[in-house]
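Here is a friendly walk through one chain, meant to be read with the model open beside you. Have the sequence at hand too, and follow along residue by residue.

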Amino acid sequence: MCGNNTSVPLPAIVPAARKATAAVIFLHGLGDTGHGWAEAFAGILTPYVKYMCTHAPIRPVTLNVGMSMPSWFDIIRLQTDAEEDKAGIKQASEKMLPVFSIKTLIDQEVKNGITSHRIVLGGFSQGGALSLYTALTAQQKLGGAVALSCWLPLQHTFPQASANSANKEMHVLQCHGEADPLVPIMFRCLTMEKLKTLCNPSNITFNTVKGILNSCVQQEIMDIKKFIEKQLPPI
């Protein structure tokens, strides 16, 4: 169980049907766990791909009046000019002790024999924000990034943060519900414009899903499957 901000359960894993030659690391949204996403990915299995759906630690969240819940970092307000939890975002990306950080998970899969360019990093809402930040500041070349209903955190520091990024040519799939009341479409627009300055614009796919709130629908799941199979072909 995830009982405090230093204890993180192991990821929910959907193993490959045969030897894994590629991996997807996926981060859930605020207040959620990785289990539901593991079930979703189990329904779109690619035989040689391993899916790791991570769980955030329990921590107080300012946005939700200090209530404790699964959260990758603190959220003060969901507004474009809001203060951000810079230390928390960096800790979750780089050194969430004692169990893992996102970059440590990538390193672990490389040690297991999956090269970094055969790893796709993705997430939903808060988890999507952290996955984008991590992918764009990683020193390893990744296979791609999936960003669902999310935003790019710490945008104003990114010219420095991504100066040495190995992923300027990384392919990105960004999906966002047109009617999302929690992460407004403006976040998607600002993220899209920023991504174009950090990555090759021709490698970025933006999908707006009409009538969808802060959730993921089957259309997006199938888009993810196509993206994964294109970026992580069989070898």
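In which loop is Ser 149 found? Ser 149 sits in the loop between β7 (144-148) and α5 (158-161). Before going further, a word on the model: it is predicted, with local features needing pLDDT of at least 70 and side-chain atom pairs counting only at pLDDT 80 or more, while totals for chains, interfaces and linings use all residues. Residues are numbered from 1 along each chain as its sequence is written, and side-chain values use heavy atoms, with hydrogens and water left out.

**The chain as a whole**

The chain has seven helices and nine strands. Both are DSSP runs numbered from the N terminus, with helices being H or I of at least four residues and strands being E of at least two. Of the 235 residues in the chain, 54% are buried. Here buried means under 20% relative accessible area, exposed means over 50%, and partly exposed lies in between (1.4 Å probe, protein chains only). Contacts are heavy atoms within 4.5 Å. Among those between residues at least 6 apart in sequence, 72% join residues at least 24 apart.

**Two serines with positive phi**

Most residues other than glycine have a negative phi. Ser 149 has a phi near 45°, which is positive. Ser 125 also has a positive phi, near 55°, and its place is the loop between β6 (119-124) and α4. Ser 149 is buried because its relative accessible area is 0%. Ser 125 is buried as well, with a relative accessible area of 9%.

Twelve of the twelve residues of α4 are buried, so the helix is largely enclosed by the rest of the structure. Among the buried residues are Gln 126, Leu 130, Tyr 133, Thr 134 and Thr 137.

Leaving out residues up to four places away in sequence, Ser 93 touches Ser 101, Ile 102, Lys 103, Leu 130, Tyr 133, Thr 134 and Thr 137. The side chains of Ser 93 and Thr 134 are joined by a polar contact of 3.0 Å. A polar contact is a pair of N or O atoms within 3.5 Å; within protein, one must be able to donate a hydrogen and the other to accept it, and residues adjacent in sequence count only if both atoms are side-chain atoms. Ser 93 is buried, at 0% relative accessible area.

His 176 lies in strand β8 (residues 172-177) and counts as buried because its relative accessibility is 0%. Apart from residues up to four places away in sequence, its contacts include Ser 149, Cys 150, Ile 185, Arg 188 and Glu 220.

Helix α6 (residues 185-198) has 14 residues and reaches 20 Å from its first C-alpha to its last, close to the 20 Å expected. Its buried residues include Phe 187, Arg 188 and Leu 198.

Which element gives the largest share of the lining of the largest pocket? That is α6, with three residues. A pocket is found on a 1 Å grid over the protein atoms alone, as an open set of points where a 1.4 Å probe fits, with protein on both sides within 12 Å along at least five of seven lines; lining residues have an atom within 4 Å of a point. The largest pocket holds about 360 Å³ of space. Of its 22 lining residues, Gln 79, Thr 80, Glu 84, Trp 151 and Phe 187 lie nearest its centre. By class, the lining has twelve nonpolar, five polar and five charged residues.

| Pair | Apart in sequence | C-alpha to C-alpha |
|---|---|---|
| His 35 and Met 52 | 17 residues | 9.9 Å |
| Glu 39 and Val 14 | 25 residues | 8.2 Å |

His 35 is partly exposed, at 47% relative accessible area, whereas Glu 39 counts as exposed, at 64% relative accessibility. Beyond its neighbours within four places in sequence, His 35 is in contact with Ala 12 and His 55.

Technical notes:
The expected span of a helix is 1.5 Å times one less than its number of residues. Grid points are joined across faces, edges and corners, and a volume is the space filled by probe spheres set on the points. Ala, Val, Leu, Ile, Met, Phe, Trp, Tyr, Cys and Pro count as nonpolar, Asp, Glu, Lys and Arg as charged, and the others, Gly among them, as polar.
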